[in-house]
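The sequence and structure are shown first.

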Amino acid sequence: MEDLIKRTAKAISGAKKVVALTGAGISVESGIPPFRGKGGLWEKIDPMEYAHIDAFMKDPKKVWDVLIRETNEFIEKAAPNDAHLGLARLEKMGMLKTIITQNIDGLHQAAGNLDVIEFHGNFAWHYCLDCGEKITAKEIDLSELPPRCHCGGILRPDCVFFGEMILPDHLSRSRHLAETCDLMLVVGTSAIVHPAATMPLIARENNAMVVEINMEATPLTGVVSDFIITGKAGDIFNRIMDELENGV
Ligand SMILES: [Zn+2]
């Protein structure tokens, strides 16, 4: 493991363009439960019934009540952990170009990263279905669900529900980054959800090094990634940063 930490630190300091792809696993240590996998929200509720745009349009009160309100509460209580902070330090040091994240929790920006592509949008902002006005999650009056804009329209999070398209700009920029990076860090994601999942593949096809930091092996391991460092992302980032700032 120590060897893999050293290799990763060396690869980061030697790379010309480093891109990170992050998923739910990076925020678990911040108290945000994942949607997928063991203990995930989708084990308790059916995403097609609560996280599909059709479900929202049909019964916004139900989706607000079960999914959105609780997610906003988790996010409000959460703070960036050492993995988020490590990535923010890398960006400040000029060693990280961009984060492509599947997360909607805003913790990368809270940690200080400036260049973050939020593939699935975010819950920090909500907008009105009628007039389009934007409002932060904190400003929303939840005394009645679904919450409404001052114009009377229903508010929804600025996220990508199932059944909705990822913004074409986000997609094309991410693809370009995957094509042109020489190191991709895949952190806290099993990379099975498309199109985010294709980014490590594109990076690999363009001869980038792909390093996984995950709790356990994923479909990428041994196929797409050069190697995996298993364990808690926060601990691993502390050791990588230590190596970069004090070691090498
Ligand atoms: Zn409105």
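Predicted model: local features only at pLDDT ≥ 70, side-chain atom pairs only at ≥ 80, totals over all residues.

Which element gives the largest share of the lining of the second largest pocket?

1. The share in question comes from H6, with six residues. The elements that give two or more residues to this lining are helix H6 (60-77), helix H8 (107-111) and strand S4 (121-128). Helices (H or I, at least four residues) and strands (E, at least two) are DSSP runs, numbered from the N terminus.

2. Residues are numbered from 1 along each chain as its sequence is written, and side-chain values use heavy atoms, with hydrogens and water left out.

3. The second largest pocket is lined by 21 residues; Asn 72, Ile 75, Glu 76, Ala 137 and Lys 138 lie nearest its centre. A pocket here is an open set of points on a 1 Å grid over the protein atoms alone, where a 1.4 Å probe fits, with protein on both sides within 12 Å along at least five of seven lines; lining residues have an atom within 4 Å of a point. Its volume is about 420 Å³, a volume being the space filled by probe spheres set on the points, which are joined across faces, edges and corners.

4. The zinc ion has as protein donors the SG atoms of Cys 128, Cys 131, Cys 149 and Cys 151, lying 2.3 Å from it. Donors are N, O and S atoms within 2.8 Å of the metal (3.2 Å for Na, K and Ca). Along the chain, the donors follow the spacing C-x2-C-x17-C-x1-C. The site is tetrahedral, with angles of 103 to 119° among its four donor atoms; four donors count as tetrahedral if all angles lie between 85 and 135 degrees.

5. Cys 149 is buried, at a relative accessible area of 10%, whereas Cys 151 is partly exposed, at 41%. Buried means under 20% relative accessible area, exposed over 50%, and partly exposed in between (1.4 Å probe, protein chains only). Of the 248 residues of the chain, 51% count as buried.

6. Ile 240 lies in helix H11 (residues 233-247) and counts as buried because its relative accessibility is 0%. The C-alpha atoms of Ile 240 and Ile 12 are separated by 9.4 Å, although these residues are 228 residues apart along the chain.

Notes. Tetrahedral: all angles 85-135°; square planar, octahedral: opposite > 155°, others 65-115°.
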